[in-house]
Amino acid sequence: MALNKPYRQAKPPTDLTVAANQSVVLSFDDPGDHDRATRGRVAQLDSGRITVGGHVVFDVARREFVGQSETAPDSVHPGLWRQARLNVNHGLFEVADGIWQVRGYDISNITFLAGDDGGWMVIDPLTNGPTAAAALDLANRTLGERPVTSVIYTHSHVDHFGGILGVTDRDAVDRGDVRIVAPVGFLEEVVGELVVAGHIMVRRAAYQFGTLLPPGPLGHVDCGLGSALGLAPWGRVAPTHTVAETGQEMTLSGIRVVFQNTPDAEAPAEMNFHFPDRRALCMAENCTHTLHNLHPIRGAKTRDSLAWSKYIQEAIDLWADDTDVMFASHHWPRFGTDDVRGFLAMQRDVYRWMHDQTMRLANQGYGPDEIAAELHLPDEFDQSHVRGYYGAVPHNCRAVFNRYLGWYDSNPANLDPLPPVQAGANYVEFMGGADAVLAKARSSFERGDYRWVVQVVNHVVFADPANRAARELQADALEQLGYQSESATWRNAYLMGAMELRDGPSRLGWVPIESMAQAMEAEHLFDLVGVRFDPSRFTMGPLAFNFHFTDLDEDHLLGVGRSVIHHRAAAVDDGAVASVRIDRATFAAALSDAAALRDAEISGDRDIVTEFFGALTVFGTAPLVEPRPDG
Ligand SMILES: [Zn+2]
């Protein structure tokens with residue numbers, strides 16, 4: 001993976017950006033956050049560096065620059081800088097009697113509860129095994145060794161389960177020594193986000209999290225949710241128990257837990273829970289110290305802000321009076337019943353406000369871009385935990401609109417616009433040619449009108465991606481927008497775009513699909529076949545293939561014809577052109593390389609099978625800020 005790629009051409013902030021950032025007043029500053037983020041620290045990882053096989057997974061030294069100055073550099077929005085300085089606090093923290101968190105070695109938190117059975121309950125084992133193992137080791141060394149006897153996955157995002165193999169193993173789970181609890185729908189949603197859209201989502205996530213940007217005042221500063229993602233492959237072990245109902249109770253590691261099911265809030269499958277005997281509340285990722293995303297810019301199913309708000313009210317009603325401490329899957333805890341209640345109430349209100357005000361305007365005929373321009377967080381939301389360090393009001397309002405009304409604003413002029421390359425060529429010609437557009441755009445740049453510059457110069461780049469001057473100007477304007485963004489995800493996206501306009505698309509060396517094969521049902525694999533099938537490269541048919549999955553002992557029928565596939569589970573066609581005995585991993589590998597079929601047992605017409613797999617598209621690195629080479 002091309003990590004730490006030199007970003008030599010990063011430019012300093014313009015005078016106008018410096019002035020914009022210096023004019024920001026942190027009227028919402030809450031000095032209590034510093035105490036909350038550092039309270040109860042009992043240990044830190046000795047080196048602060050987690051490695052596996054010589055590869056650095058996470059290194060706190062890369063973030064040291066954030067801790068060095070209380071004042072934001074001119075190239076960083078002061079609100080984001082404040083958040084970054086809170087997120088770099090790292091170590092093992094005592095949250096309450098018998099409850100600890102390891103924070104600051106991944107984007108997310110891992111929480112340990114000392115169970116009445118002598119074991120650990122682990123909540124959310126981080127993104128990858130090496131980091132989760134380092135966190136568990138730190139807890140064991142500092143607090144006394146305990147076996148892990150239960151694990152809770154709060155929700156279906158990978159930074160909350162991907163490190164499971166760092167805290168337990170499949171045998172321990174199979175033996176019943178470790179129970180794993182997750183919300184209903186967990187597995188389906190894990191796969192749903194990572195399989196059908198997985199390839200492009202990894203690419204888009206690199207923009208959201210800025211994974212390829214070098215850390216520094218002109219590069220990566222923070223992710224909003226946490227300082228940075230740990231970079232190592234994730235694992236997965238299926239839950240042994242699921243939570244489907246609010247009010248459902250379990251005793252895990254000897255600790256009583258009461259659950260609230262909150263589907264379609266921050267994740268499609270998510271849950272909050274309360275420990276009545278410890279007066280502690282876990283709000284998963286539904287309430288963190290940021291305005292969250294109703295639609296992350298990496299792409300995801302749009303979240304239900306109205307339901308999200310109502311779940312928070314329900315949690316207040318169920319548990320606020322019986323809670324002394326609230327913690328979450330990111331950021332620091334809240335302490336004291338009144339503080340928790342106030343925090344939850346404002347979180348409830350911000351998701352409701354975005355929902356209601358977006359739809360008030362939508363019902364008056366405002367389109368998504370107009371709503372995004374119109375709505376600004378009112379002054380009553382004067383707490384830092386509802387500021388848009390991760391989500392942002394403009395894209396969240398677009399998400400609310402999209403959830404109810406879709407992508408179309410109902411102006412037929414926007415019903416079928418020309419695609420970017422063609423539109424770009426036409427705009428540039430109508431505006432007097434590329435040089436004329438760039439001359440005007442440079443004037444806009446001098447005036448600090450960076451939003452307009454990127455909107456208009458984008459047409460020049462798409463009309464002629466070889467136009468170096470256009471690429472440079474576009475990169476310069478994106479970069480200034482990044483420096484002025486309070487949202488870490490916006491900053492990361494702008495700076496990634498600038499980098500790629502200057503250097504060309506970065507290449508991510510890891511593709512999740514094959515590594516996820518063991519997590520997939522055969523049905524998912526056939527869903528993947530469908531989205532990779534290129535009918536122009538396989539014109540035979542209609543015909544059918546039989547597949548027998550040797551590791552699952554399942555039969556599946558794959559039909560091909562009419563430029564599309566169809567799939568039936570538990571079906572066999574006697575007229576099939578071939579029958580294939582194969583295991584899941586080999587099948588998954590064959591999606592990218594038909595040569596993997598040498599490990600399959602094929603009767604019938606082997607050549608047609610090979611030809612079909614050869615017609616599946618191998619996804620490469622999609623350009624995002626310029627046309628595809630074949631576009
Ligand atoms: Zn998360």
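Modeller: Start with H548. Leaving aside neighbours within four places in sequence, H548 is in contact with D555 and R581. Keep in mind that this is a predicted model.

Biologist: What makes D555 and R581 contacts of H548?

Modeller: Contact means that the C-beta atoms, placed from the backbone, lie within 7 Å. D555 and R581 are in contact with H548, so each pair meets that cut-off. H548 and R581 are also 4.8 Å apart in space, C-alpha to C-alpha, yet 33 residues apart in sequence.

Biologist: Where does H548 lie?

Modeller: H548 lies in strand β17, residues 543-549.

Biologist: Why is H548 called partly exposed?

Modeller: Count the other C-beta atoms within 10 Å: H548 has 17. Buried needs 20 or more, and exposed needs 12 or fewer. The count of 17 falls in between, so H548 is partly exposed.

Biologist: Which residues point which way from β5?

Modeller: I99, Q101 and R103 point one way. W100 and V102 point the other way. In a regular strand, side chains alternate between the two faces of the sheet.

Biologist: What makes β4 and β5 a pair?

Modeller: Pairing needs at least two bridges. Strand β4, residues 91-96, is joined to β5 by 5 bridges, so the two pair. They run antiparallel. F93 stands opposite Q101 in β5. Their hairpin has 2 residues between the strands, and G98 takes a positive phi near 85°.

Biologist: How do you know that β5 and β6 pair?

Modeller: The same test applies. There are 4 bridges between β5 and β6 (residues 110-114), and two are enough, so they pair, in the antiparallel sense. In β6, I110 is the bridge partner of V102. Here the hairpin has 6 residues between the strands, and G104 takes a positive phi near 90°.

Biologist: What does V457 touch?

Modeller: V457 touches A441, A470, L473, Q474 and A477, not counting residues up to four places away in sequence. V457 is also among the residues with the most contacts inside the largest nonpolar core, which has 170 residues.

Technical notes. Residues are numbered from 1 along each chain as its sequence is written. This is a predicted model: local features need pLDDT of at least 70, side-chain atom pairs count only at pLDDT 80 or more; totals for chains, interfaces and linings use all residues. A nonpolar core is a set of buried Ala, Val, Leu, Ile, Met, Phe, Trp, Tyr and Cys residues joined through C-beta atoms within 7 Å. Two residues are in contact if their C-beta atoms, placed from the backbone, lie within 7 Å.
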